[in-house]
Amino acid sequence: MRRVGGSHRGLDMWLMQRASAVYMALFLPFFLVCALAAGPLDYAAWHGLFASPAMKVATFLFVAAMLAHAWIGLREIFIDYLHCARCTLLRLALYFAFAVLYLGCLVWTVDILWNVR
Amino acid sequence: MRFRIYRYDPESGAAPRVQEYELDFDAKGKKVLDALIAIKDTLDETLSFRRSCREGVCGSDGVNVNGNNVLACVTPLEGLKQPIEIRPLPRLGVIRDLIVDMAQFYQHYRAVKPYLINLDPEPENERPQSPQQRAELDGLWECILCGCCTTSCPSFWWNPDKFLGPAALLQGYRFIADTRDQATDERLDFLEDPYRLFRCHGIMNCVEVCPKGLNPTAAIGKIKSLLVKRAL
């Protein structure tokens with residue numbers, strides 16, 4: 001088969017990579033300030049930090065951005081380095097495996113965050 | 001001066017090797033190409049390399065000197081660590097010694113249609129541009145297609161058949177940026193691909209090595225911005 005290209009993909013991933021990076025860059029200093037303002041890092045302060053719904057949502061978005069960023073980064077690595085004869089199948093399997101793993105992490109994050117009452 | 005030069009002659013059947021040369025040569029004011037020519041003249045007439053204009057205009061003597069892709073004709077010998085190691089440009093097939101097969105490189109160049117596409121009737125004199133519109137092309141048209149940037153790019157090393165490489169992408173943007181060109185949309189369509197364009201991770205090796213001081217990474221960034229603008 002002749003090599004084909006021009007799949008009109010890649011831009012969405014590239015944009016998502018940037019957008020998630022911007023959110024993480026904004027959230028991390030914000031979170032640091034909040035954590036320092038919450039007083040000594042004992043259980044009560046840490047618990048109180050995550051009590052408000054706003055912090056829950058912001059943290060959830062941070063984890064979602066991080067997982068999306070990581071998944072796209074892995075995809076780039078797989079595209080860069082995996083191109084043997086059967087690697088299309090291997091790449092597809094890896095994309096799928098990491099997507100499932102990261103979605104699981106996201107659900108777990110929800111479980112952890114919304115268990116803080 | 002001491003040199004270590006990559007030698008390969010496929011017709012001999014021997015494996016590639018590195019040959020050492022000791023050249024009695026005053027390096028002051030001289031370039032790497034002068035030394036290569038002196039070696040060919042006085043020490044070893046079988047040493048093969050490309051050169052034409054010998055002043056950084058034609059782009060035919062791109063080689064890897066001490067690990068950096070350079071044009072031999074504009075790279076001063078003074079200041080180079082000895083023994084000076086000269087190899088062919090990375091990742092391209094070697095035809096002989098320092099001569100590489102540029103077919104893949106030119107194929108990517110042709111793929112971006114490096115010519116003006118304008119369907120209007122041909123004007124009597126010319127297609128005028130304002131000075132500002134013309135200024136958009138500065139830093140793009142100067143490329144001499146020596147291949148130093150593309151062969152220094154790891155993304156090209158990993159996917160040489162699919163990633164267009166910095167030189168072709170710079171040329172692609174040169175015609176996207178041209179106000180006289182009417183095929184911008186088709187050009188963007190062609191480039192919007194995980195391999196052709198988006199293998200670029202912006203590590204800027206191309207900017208570092210370009211002997212003409214051009215910035216392919218910036219041009220690639222502008223292509224990406226245009227794609228974003230078009231998509232939103």
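How many bridges join strand β3 (residues 62-65) of chain B to β4(B)? Four of them do, and the two strands run antiparallel. Strands count as paired if DSSP finds at least two bridges between them. Helices (H or I, at least four residues) and strands (E, at least two) are themselves DSSP runs, numbered from the N terminus.

Before going on, a word on what you're looking at. This is a predicted model, where local features need pLDDT of at least 70, side-chain atom pairs count only at pLDDT 80 or more, and totals for chains, interfaces and linings use all residues. Residues are numbered from 1 along each chain as its sequence is written, while chains are lettered from A and ligands numbered from 1 in the order in which they are written.

**Chain B at a glance**

The model scores ipTM 0.85 and pTM 0.92. As for pLDDT, the predictor's confidence in each residue from 0 to 100, chain B has a mean of 96, and 100% of its residues reach 70 or more. Chain B comes to eight helices and seven strands, and its C-alpha trace spans about 60 × 35 × 30 Å along the principal axes.

A residue is called buried if 20 or more other C-beta atoms lie within 10 Å of its own, exposed if 12 or fewer, and partly exposed in between, with C-beta atoms placed from the backbone. On that count, 39% of the 232 residues of chain B are buried. Two residues are in contact if their C-beta atoms, placed from the backbone, lie within 7 Å. Of the contacts in chain B with a separation of 6 or more, 65% are between residues 24 or more positions apart.

Where the two touch, 14 residues come from domain 1 of chain B and 14 residues from domain 2 of chain B. On the domain 1 side, strand β4 (residues 68-71) gives the largest share, four residues. By class, that side has eight nonpolar, five polar and one charged residues. In this sorting, Ala, Val, Leu, Ile, Met, Phe, Trp, Tyr, Cys and Pro count as nonpolar, Asp, Glu, Lys and Arg as charged, and the others, Gly among them, as polar.

**Residues to click on**

B:Tyr173 has its place in helix α5 of chain B, and it counts as buried because it has 25 C-beta neighbours inside 10 Å. B:Asp181 is found in the loop between α5 and α6 of chain B; with 18 C-beta neighbours inside 10 Å, B:Asp181 counts as partly exposed.

| Residue | In contact with |
|---|---|
| B:Leu169 | B:Leu164, B:Leu197, B:Pro216, B:Ala219, B:Ile220, B:Ile223 |
| B:Tyr173 | B:Leu140, B:Ala219, B:Lys222, B:Ile223 |
| B:Asp181 | B:Leu116, B:Ile117, B:Asn118, B:Phe175 |

For a couple of distances, the C-alpha atoms of B:Tyr173 and B:Leu119, 54 residues apart along the chain, are separated by 19 Å. For B:Asp181 and B:Tyr195, 14 residues apart, the C-alpha separation is 25 Å.

**Meeting chain A**

The contact between the chains takes 19 residues from chain B and 15 residues from chain A. On the chain B side, the elements giving two or more residues are α4 (154-158), α6 (184-191) and α8 (216-231). α8(B) gives the most, with four residues. The residues on this side of chain B divide into nine nonpolar, three polar and seven charged.

Technical notes:
Lists of a residue's contacts leave out its neighbours within four places in sequence.
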